[in-house]
Number of protein chains: 2
Amino acid sequence: MSGIVDLAAHVGVSPATVSRALRGLPGVSDNTRERIRLAADQLGYVASPSASSLPTGKTKAIGVLVPWISRWFFNAVVEGAQEVVAHHGYDLVLYAAGTSTSRPRTIDARVLSKRVDGVLALSVNLSHSEAEALQASRSALVTVGPAAPGFSSVSVDDVRVGIMATQHLLTLGHRRIAFFGGDPYDMFGFPVAPDRQAGYEKALRAAGIEPRANWILPAEFSVFGGESAFVQLWQEAEHPTAIVAASDEIAMGILHMARAMGVSVPGELSVVGVDDHDLSYLFGLTTVAQPVRHQGELAAELLLKLMKCGPSREPETIQVATVLIDRATTAPPS
Amino acid sequence: MSGIVDLAAHVGVSPATVSRALRGLPGVSDNTRERIRLAADQLGYVASPSASSLPTGKTKAIGVLVPWISRWFFNAVVEGAQEVVAHHGYDLVLYAAGTSTSRPRTIDARVLSKRVDGVLALSVNLSHSEAEALQASRSALVTVGPAAPGFSSVSVDDVRVGIMATQHLLTLGHRRIAFFGGDPYDMFGFPVAPDRQAGYEKALRAAGIEPRANWILPAEFSVFGGESAFVQLWQEAEHPTAIVAASDEIAMGILHMARAMGVSVPGELSVVGVDDHDLSYLFGLTTVAQPVRHQGELAAELLLKLMKCGPSREPETIQVATVLIDRATTAPPS
DNA sequence: CTGTTAGCGCATTCAT
DNA sequence: ATGAATGCGCTAACAG
């Protein structure tokens, strides 16, 4: 309710001085500043973000674009990011962007750039026009996951992820390995699954094995996706001895359906996932772990830097390391 | 970049007309309105939220207070809420409030009320002063979960939840039933666990069984909480034949540790959780399900209504129904 | 070190 | 149906 002028009047100084004092700007005597601070929280004064964003052009908020709100991976990233930005006095505005196929609300770069000072795009495949608009609005943008051309990003090496998972199985002695991943309804612009698949194929070929098309199944990034794909796979005449799942959730679906269908893991079938989901250890799931929360933190820090220093000429690309966690869903083939 | 005056000039009308036209207000000829709309998205004009919030006092954003970003329950609620508010043109600002004991950042009602038009508080125990401040700032507030006195809320009947879970076990023939729940470090102000416990005790007594203090263990709302509590419980001289867990995550922890310790479920031990977590069916977990996403939707709708009609005299309290889902972790005692 | 002046971009009376 | 004037609450450039 009380504005800056009331406070100023109350203390007996000008609004300008109050503004400077409260924001820690130089040019205010320690004495005056203290008096103002005191009166401020005594009167419960706090500057209106809308009002200050007008002259400054800064909103002190950063936007986060996520395909789905309620998916473990994205939440973990958001959690990491939120911690960092909050620490710097920024608020987080959450936008559900949807995927390229099911997009609840088209993200408008213009409104976005008015509301926030920077945006974090998580595995969201911006359309070409959106990317351009974002680019043009010259608002800072960093992606987590697939890098958009021209933008800074934080990610893992997905090809390598595919290689690591497959290599582990190969080392165990498997020769008949399937791959689950890639949303059939979202084949375009969501390169994480294709890259992991590429790594899988690469590792296979390096071992002198030719990938079999009927053992490479599309699967939505969810438990259900893994279940469906497994059922389909098991209808094939020949069964593999191992499966690389593009995510832990897919792997969980495999595990669940395998048990239901009487396929023993890792006896008859080995399974390796990707992510190290919070609950994966409960399943004893072997997985290629990636530091999810940390990626959120890094992305937030990178974004904050970009916002401060202006977009550097060269977009920065950070890759974080992954590590295979060998648990109980993988074993030598019988 | 381009402001309302540029657009107005471009079209050859006054800024006032542009403002009215774009917001669908009456008093603009259809012809003029269409011309303005056309020019608007041709020039990529969109009103600055900060600027318009100044005269109107509305920010078109609603704030969500969550104890933890990355916990299934809260995300599911947020997902429901986001869908509803986005549909009404509102943005969602996410605040990690922490619990009463570990609060990363104290939520300032004053800054909150400047940034958002209303707030959704999820299981967050506002301190008395915070509640007062929120009250005073006269910003709309609805809670999900424990109702704060004087505020509208959406929740389940937690006492009944406790009764349902316990009753199920009782009906199965169990007489020796333990209860896990309630963060030991957050005993104050987070009434969901106590209420569920109360229901547990009530059901027990109704069956002529006196609750045993050493079978009621505090447990953080997480897998780890369930694991720790189970280890502790099993050190007791006497073991129960069943456990009521205050959440599915706690139950998962029990399941995991039981298996590790060679306790068969449901052979030697029955377990029932609460929530129906997305992954619970993978464990065959018997649970008292609550419509989590729906609560988010209801809360958002209630909040929107409050914001439109002004805080009604009587705070509205919505309770949603719960249902026991009987899966595979419960059986008659052996 | 502090006060004055002038906008920031829009919504809103009140005229016309 | 439209335009002109005024103000929202704050910051910034310039005085003093």
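**Exercise 1.** What is the order of the strands in the open sheet of twelve strands?

Solution. The model is a predicted one.
- Step 1: Reading across, the order is 11(A)-5(A)-4(A)-3(A)-1(A)-2(A)-2(B)-1(B)-3(B)-4(B)-5(B)-11(B), and the pairing is mixed.
- Step 2: Strand 11 (317–320) of chain A and strand 11 (317–320) of chain B are the edge strands, since each pairs on one side only.
- Step 3: From one strand to the next, the twist averages 20°.

**Exercise 2.** How many bridges join strand 3 of chain A to strand 4 of chain A?

Solution.
- Step 1: Five bridges join strand 3 (residues 118–122) to strand 4 (residues 140–144) of chain A, and the two run parallel.
- Step 2: A:L122 has A:V144, in strand 4 of chain A, as its bridge partner.

**Exercise 3.** Which parts of the chain does the salt bridge of A:E238 and A:R176 link?

Solution.
- Step 1: The side chains of A:E238 and A:R176 meet at 3.8 Å, N to O.
- Step 2: A:E238 is in the loop between helix 10 (223–234) and strand 8 (242–245) of chain A, while A:R176 is in the loop between helix 8 (158–172) and strand 6 (177–180) of chain A; they are 62 residues apart.
- Step 3: A:E238 has 39% relative accessibility, so it counts as partly exposed.

**Exercise 4.** Where do A:D278 and A:R293 lie?

Solution.
- Step 1: Their side chains form a salt bridge of 3.2 Å, N to O.
- Step 2: A:D278 lies in the loop between strand 9 (270–275) and strand 10 (286–289) of chain A and A:R293 in helix 12 (residues 292–309) of chain A, so the pair ties together parts 15 residues apart in sequence.
- Step 3: A network of salt bridges links A:E79, A:D278 and A:R293.

Technical notes: Residues numbered from 1 in each chain as written. Chains lettered and ligands numbered in written order. Predicted model: local features only at pLDDT ≥ 70, side-chain atom pairs only at ≥ 80, totals over all residues. Heavy atoms only, no water. Pairing = 2+ DSSP bridges. Helix = DSSP H or I, 4+ residues; strand = E, 2+ residues; numbered from the N terminus. Axes fitted to C-alpha atoms, helices over the stretch in contact; angles between N-to-C directions. Salt bridge = Lys/Arg side-chain N within 4 Å of Asp/Glu carboxyl O. Buried < 20%, exposed > 50% of the residue type's maximum accessible area, 1.4 Å probe, protein only.
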